Amino acid sequence: MRISQVTLYHLRMPLQAHFETSFGRIYARECILLEVHAEGMTGWGECVADRHPGYAYETVGTAWHLYQEFILPALIGKPLVDAADLQARLAHIKGHQMAKAGVEMALWDLLGKASGQSLREMLGGERRRVPVGVSVGLQDTLDELLRVVDGYLARGYRRVKLKIKPGRDLSVVQAVRQRHPDLPLQVDANSAYTLESAAALLPLDDFDLLLIEQPLAEDDLWDHRRLQQRFHTPLCLDESITGPRQARQALEMEACRVINIKQGRVGGLLNARRIHDLCLRQDVPVWCGGMLETGVGRAANLALASLPDFKLPGDISATERYYARDITREVFTLNADSTIDVPDAPGLGVTVDREALEQATVRKAVFPPR
Ligand code: NPG
């Protein structure tokens, strides 16, 4: 596969409802969509880096820069057999996993279209539908939180993740747990605590949570290990796991008992599958995280989550939970059993709605420049 041209689209998509985490509140999501041309075909990829470096150091701006100056020049016109080949060509670039993942996704889409295989088949996934949950942001009041959670449960979601931060942790979990004693529930702190302040979370052990996600800093496996020793509830790492090596070391160190796999954060679907395989061998459950993806990234997440070790429901909700109008023609809906169908068509299995894409685009660039 030889890439001849790439168009980058900087997208800004208004969210159905604002989304607040320990690092801030957003009303619209920004990302980069890549339209990649090769041998008469078009592949699509999504780079999940956000506008603001609150979740990770990468941003739309850093990824745009990397594509323009380093990543696309290293790929355009070169023969690419598979994702491993693409990654080898990018190995001289340190970090920037989200930027690398975005273009790798487009290559998977192209390879699938060329071979007639769906991404699920290419990755070796078995399930045709995957269990999903919903991630609920911080709300202004507990009443509002309960109302929002009730709304999602009424829509059919059977697993809820609550965002927490210092001062808004126990009260939040207590309120939801009291009202829904049997609901599969988990929390996510997005690195908002230190080993000292995380002592406030110890009572969470009594709320029968599926897991506690990323309480401490992303570069702090050691303190996560120390904290895990104080909890019966499994700790789950998200931000800390930026590739297969970090996953292996976190497990060796017993810094967590569950891993959240996001293909963007770990540098692409190939690394995501490597982490999956490692966890499967060690009997460590994984689940698929989400970053408010468009239909393009959501299709990739669904295919990934069809692999056998994705034993916990993913942060992959229906399209309408995020966007009034998505950029794909395909709209993902929730089945009655809180699952979503994995796309079947070749590659990612989605088609981009050009009109919706234009509407969401705030900046665009073609490489090589015409
Ligand atoms: O359903 O896609 C979704 C959102 C799930 O909570 C979610 N994502 O910290 O995992 C997270 C969070 C996130 C969203 C992180 C956007 C970064 C950007």
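How do strand β1 and strand β2 pair, and over how many bridges? Strand β1 (residues 3-21) runs antiparallel to strand β2 (residues 24-38), and 14 bridges link the two.

## Before you start

This is a predicted model, in which local features need pLDDT of at least 70 and side-chain atom pairs count only at pLDDT 80 or more, while totals for chains, interfaces and linings use all residues. Residues are numbered from 1 along each chain as its sequence is written, and side-chain values use heavy atoms, leaving out hydrogens and water.

## The four-stranded sheet

Strands β1 and β2 belong to an open sheet of four strands, ordered β3-β2-β1-β13, with antiparallel pairing. Strands here are DSSP runs of E with at least two residues, helices are runs of H or I with at least four, and both are numbered from the N terminus. Two strands count as paired if DSSP finds at least two bridges between them. At the edges sit β3 (41-47) and β13 (361-367), each pairing on one side only. On average, neighbouring strands of this sheet are turned by 20 degrees against each other, direction ignored.

Helix α3 (residues 97-115) packs on this sheet and touches β2 and β3, with its direction at about 150 degrees to that of β3. Touching means heavy atoms within 4.5 Å. Axes are lines fitted to C-alpha atoms, for helices over the stretch in contact, and angles run from 0 to 180 degrees between N-to-C directions.

## The seven-stranded sheet

Another open sheet has seven strands in the order β5-β6-β7-β8-β9-β10-β11, and its pairing is parallel. Its edge strands, β5 (134-136) and β11 (286-288), each pair on one side only. Helix α5 (residues 142-155) packs on this sheet, touching β5 and β6, and its direction makes about 170 degrees with that of β5.

Look also at strand β9 (residues 235-237), which runs parallel to strand β10 (residues 258-261) and is joined to it by two bridges. Cys236 has Val258 in β10 as its bridge partner.

## The largest pocket

The lining of the largest pocket has 30 residues, and Phe19, Phe23, Ile26, Asp50 and Leu292 lie nearest the centre. A pocket is an open set of points on a 1 Å grid over the protein atoms alone, with protein on both sides within 12 Å along at least five of seven lines; lining residues have an atom within 4 Å of a point.

Strand β2 gives the most to this lining, with seven residues.

Notes
1 Å grid on protein atoms, 1.4 Å probe; cavity = no way out; pocket = protein on both sides within 12 Å on 5 of 7 lines; lining within 4 Å.
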